[in-house]
Amino acid sequence: MPSEKPKFYLTTPIYYTNGLPHIGHTYTTVVADAIRRYKRMRGYEVVMTTGTDEHGVNVERAAQKAGIPESEYVAKMAVAWRALWDELGIAADEFIRTTDLRHVRTVQWLFKLFKENGYVYKGQYTGQYCIYDNAFVNDAKPGDNCPDCGRPLETITEENYFFKLSAFQKPLLDFYKKNPTFIQPETRKNEIISFVEGGLKDLSITRTTLRWGIPVPGEEPHVFYVWFDALTAYLSAVGGPEYEKRGMWPADLHLVGKDIIRFHTVYWPAFLMAAMLPVPKQVWAHGWFLMDATKMSKSKGNVVLPRPIANMLGMDAMRYFLLREVVFGQDGNFSYDALVTRYNSDLANGLGNLASRTAAMIEKNFGGKIPKSGPRLPQDDALAKVASEAIGEALERFEKFEFARSLEAIWSAIAAADKYLTSEQPWAMSDSEADMQRKATILWTTAELLRVVTVLAHPVLPDTTKKVWTLLGQPGTVCGVELDGLSWEH
Ligand code: MSP
């Protein structure tokens, strides 16, 4: 039976397989996973796609270096990426590899639609090409370095199929106007609009200089340009040519780093328009995680790896840090000191301590079952008010992808509960009937606050919140709670 639920389809970029994930890749993927969990708790049927970008010169070279065929190399790498995502609690619904048959079919189908609709032609192309970024650099001269990665460009001449990107200047500008929230955040939007206003050159979308790619049917040795290949993966993952059956296309949200926004907001919608397919609803560009104010890179040797952090502090600590520490959309600095401080103050001493203290007192005084509240005093109601406000604030902020603010609201409720316990001192009370009744109210109130914050924090801290849920003996599962109905229960 078809689901009645509203649908939500979101994606991470598909990652290059010539290396392993670092904290930058982890960031996008954790954000996507948190949104996926959140949307589910808001009643959506959600599909989240991540995957691997497996073609291109870099992979060809990496495989050569490893002394194995490309197909074997990428298979190994895809397994490694998947395994790490599993360890970090990433619950992607689709993992697309660009060597998957379902993807190859989709790329070839899309190209056929371009041809049928008159948007491709053959031509000669000479340009300055960055083999690391897999992109020709417009306006570069021979001998220039790549403006993105700083490495030397190579002059390449070849016969290509060209995509008539120039025909899409007006349709794109009209599209941005009609869909003002397509590009987020706002500052990026202005950047893209002026880029498109500056004029669009046709784009070569096949290569003859490259061997490791998806063949253009009947046109060997042409293979598809990696960015055309890669972007199409979003569609391949949810049905490709039969996308209508799954009902997930167009995507609701593509999450990307600011370095790849042009591919997603100019090329990708133009490709889809040329094929007369629906265009995604939103592209959200986040900033970079920097190390000492520069972008991390293998060549600089300043790459932060996620696995040791997760092994040491738990996957939730890393997830929390990534979402709490930077404003989504802006660059942020990575620092181990900040990570450990956050872990200690917010997770171990904050949520962890409140949950274990409360559970221990419920165990000791009420045999492990949350007691019913007795008569309420103003300070009990004041805490209820704090929690109710935190629900509104946290959800409103999360909805706008203001993750740091959302978590801040949740943690201010935790801090208020800490203060409440410190001033009420239930541990200092006797076992007299009056004191037991007061203790029941205090512990009920604290447990209720914990229930609320646990639900709110679940998308970011899936592991910890499950543990707290069980510790407090709450019924059902925390991920099964519907956020729309979340309120303080009297
Ligand atoms: N394969 C392409 C994407 C194709 S999507 C159709 C690609 N891959 S990548 O592995 O190089 O990068 C993927 C994502 O990781 C990009 O969104 C990029 O912004 C992000 N990050 C890489 N380093 C990063 C940081 N240091 N900080 C935050 N994100 C960064 O590009």
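Biologist: Where does P185 sit?

Modeller: P185 is in the loop between strand 7 and helix 6 (186-197). Helices (H or I, at least four residues) and strands (E, at least two) are DSSP runs, numbered from the N terminus. Bear in mind that this is a predicted model, where local features need pLDDT of at least 70 and side-chain atom pairs count only at pLDDT 80 or more, while totals for chains, interfaces and linings use all residues. Residues are numbered from 1 along each chain as its sequence is written, and side-chain values use heavy atoms, with hydrogens and water left out.

Biologist: Is the peptide bond from Q184 to P185 cis or trans?

Modeller: The bond from Q184 to P185 is cis, with omega near -10 degrees. Another cis bond runs from W249 to P250, with omega near 10 degrees; P250 lies in the loop between helix 8 (243-246) and strand 11.

Biologist: What about the phi of M276?

Modeller: M276 has a positive phi of about 60 degrees, although M276 is not a glycine. You'll find M276 in the loop between helix 9 (261-274) and strand 12 (283-286).

Biologist: Now the sheets. What is the strand order in the open sheet of six strands?

Modeller: General idea: strands of a sheet pair through backbone hydrogen bonds, either parallel or antiparallel. Here, two strands count as a pair if DSSP finds at least two bridges between them. The sheet of six strands is open, has parallel pairing and runs 3-2-1-11-12-7. Strand 3 (94-97) and strand 7 (183-184) are its edges, each pairing on one side only. Strand 1 and strand 2 (residues 45-53) run parallel, joined by eight bridges; Y9, for instance, has V47 in strand 2 as its bridge partner.

Biologist: And which strands does helix 3 touch?

Modeller: Helix 3 (residues 70-87) packs on the sheet and touches strand 1, strand 2 and strand 3, where contact means heavy atoms within 4.5 Å. The direction of helix 3 makes about 160 degrees with that of strand 3. Axes are lines fitted to C-alpha atoms, for helices over the stretch in contact, and angles run from 0 to 180 degrees between N-to-C directions.

Biologist: What is the order in the open sheet of three strands?

Modeller: That sheet goes 14-13-15, with mixed pairing. Strand 13 (residues 289-291) and strand 14 run antiparallel, joined by two bridges, and L290 has K295 in strand 14 as its bridge partner.

Biologist: On to the ligand. How many residues surround the ligand?

Modeller: There are 22, the closest being I14, D53, G257, D259 and F289; a residue is near a molecule if one of its heavy atoms lies within 4 Å of it.

Biologist: Which ligand atom is 2.5 Å from the side chain of D259?

Modeller: An oxygen atom of the ligand is 2.5 Å from an N or O atom in the D259 side chain. A ligand oxygen atom is also 2.8 Å from a polar backbone atom of G257, and a ligand nitrogen atom is 2.7 Å from a polar backbone atom of F289. Taken alone, the ligand exposes 660 Å², and the protein buries 95% of that (Shrake-Rupley method, 1.4 Å probe).

Notes
A polar contact is a pair of N or O atoms within 3.5 Å; within protein, one must be able to donate a hydrogen and the other to accept it, and residues adjacent in sequence count only if both atoms are side-chain atoms.
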